[in-house]
Amino acid sequence: MSSDSGVQVLVRVRPPSKGEEEGDPIVEKISSNSISILDHTFTFDSVADTTSTQDDIFRLVGLPLVENCLAGFNSSIFAYGQTGSGKTYTMWGPPSALSEDSSSSEWGLTPRVFERLFSRINEEQAKHSDKQLNYQCHCSFLEIYNEQITDLLDPTQKNLQIREDVKAGIYVDCLTEEYVYTMKDVIRLVIKVH
Ligand SMILES: Nc1ncnc2c1ncn2[C@@H]1O[C@H](COP(=O)(O)OP(=O)(O)OP(=O)(O)O)[C@@H](O)[C@H]1O
Ligand SMILES: [Mg+2]
């Protein structure tokens with residue numbers, strides 16, 4: 001998540017869904033970076049409890065990552081957890097929030113990161129208008145399923161290959177890349193691949 005340490009892990013505990021057992025919660029946040037599960041304590045870089053908002057998660061994870069990118073570092077966010085634990089909710093937000101043009105308090109990390117990225121790019125370009133700064137953003141979406149890679153922007157492209165290049169590093173050969181200039185472009189693509 002940031003340039004000063006390679007990988008950081010944040011745990012988000014989601015609120016109980018309808019129909020889940022009432023009673024004492026099994027997972028409890030006990031400090032800013034630890035949780036207790038059935039009397040065992042586990043420590044991470046940070047812990048967000050059931051009251052955390054999408055904006056809280058963006059401030060903890062997304063904001064530092066955008067600044068990291070603009071400082072020239074590669075960055076990535078990835079969600080891990082069992083089914084129903086809140087990966088899609090955290091990364092994207094509920095589908096209703098994404099169909100909207102304007103920002104929503106329910107937006108997850110990805111739309112928030114793009115919104116911030118575009119506003120920071122505009123800021124940087126205005127600040128250094130004498131230098132003709134040129135930023136290019138493009139998006140790709142892929143699915144890995146049964147060890148096969150499918151291009152979600154062109155699902156006729158199945159079984160794409162992973163290759164390595166001295167300059168570009170590891171990349172997926174022939175994966176579609178679409179240029180994006182505004183949040184609308186991003187949302188249009190996201191709706192297309194959903
Ligand atoms: N922090 C949260 N606050 C409120 N609702 C949440 C939260 N996290 C998840 N949910 C809700 O819980 C349900 C499951 O979440 P989600 O679909 O994000 O899980 P998932 O990890 O993506 O599961 P899968 O692996 O099956 O795709 C959804 O209805 C989602 O809206
Ligand atoms: Mg999901």
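Modeller: First, terms: axes are lines fitted to C-alpha atoms, for helices over the stretch in contact, and angles run from 0 to 180 degrees between N-to-C directions. Helices are DSSP runs (H or I, at least four residues), numbered from the N terminus. This is a predicted model: local features need pLDDT of at least 70, side-chain atom pairs count only at 80 or more, and totals for chains, interfaces and linings use all residues. Residues are numbered from 1 along each chain as written, and side-chain values use heavy atoms, without hydrogens and water.

Biologist: At what angle do H1 and H4 pack?

Modeller: About 45°, with the axes of H1 (residues 54-70) and H4 (residues 109-127) 9 Å apart.

Biologist: Which residues of H1 and H4 meet?

Modeller: From H1, Phe58, Val61 and Leu70 are among them; H4 residues include Val113, Leu117 and Ile121. Contact means heavy atoms within 4.5 Å.

Biologist: New topic. What does the UniProt "binding site" annotation cover?

Modeller: The unreviewed entry lists Gly81, Gln82, Thr83, Gly84, Ser85, Gly86, Lys87 and Thr88. Such annotations may be inferred rather than shown by experiment.

Biologist: Where does glycine 81 lie?

Modeller: In the loop between H1 and helix H2 (87-91).

Terms used. Chains are lettered from A and ligands numbered from 1 in the order in which they are written. Helices (H or I, at least four residues) and strands (E, at least two) are DSSP runs, numbered from the N terminus.
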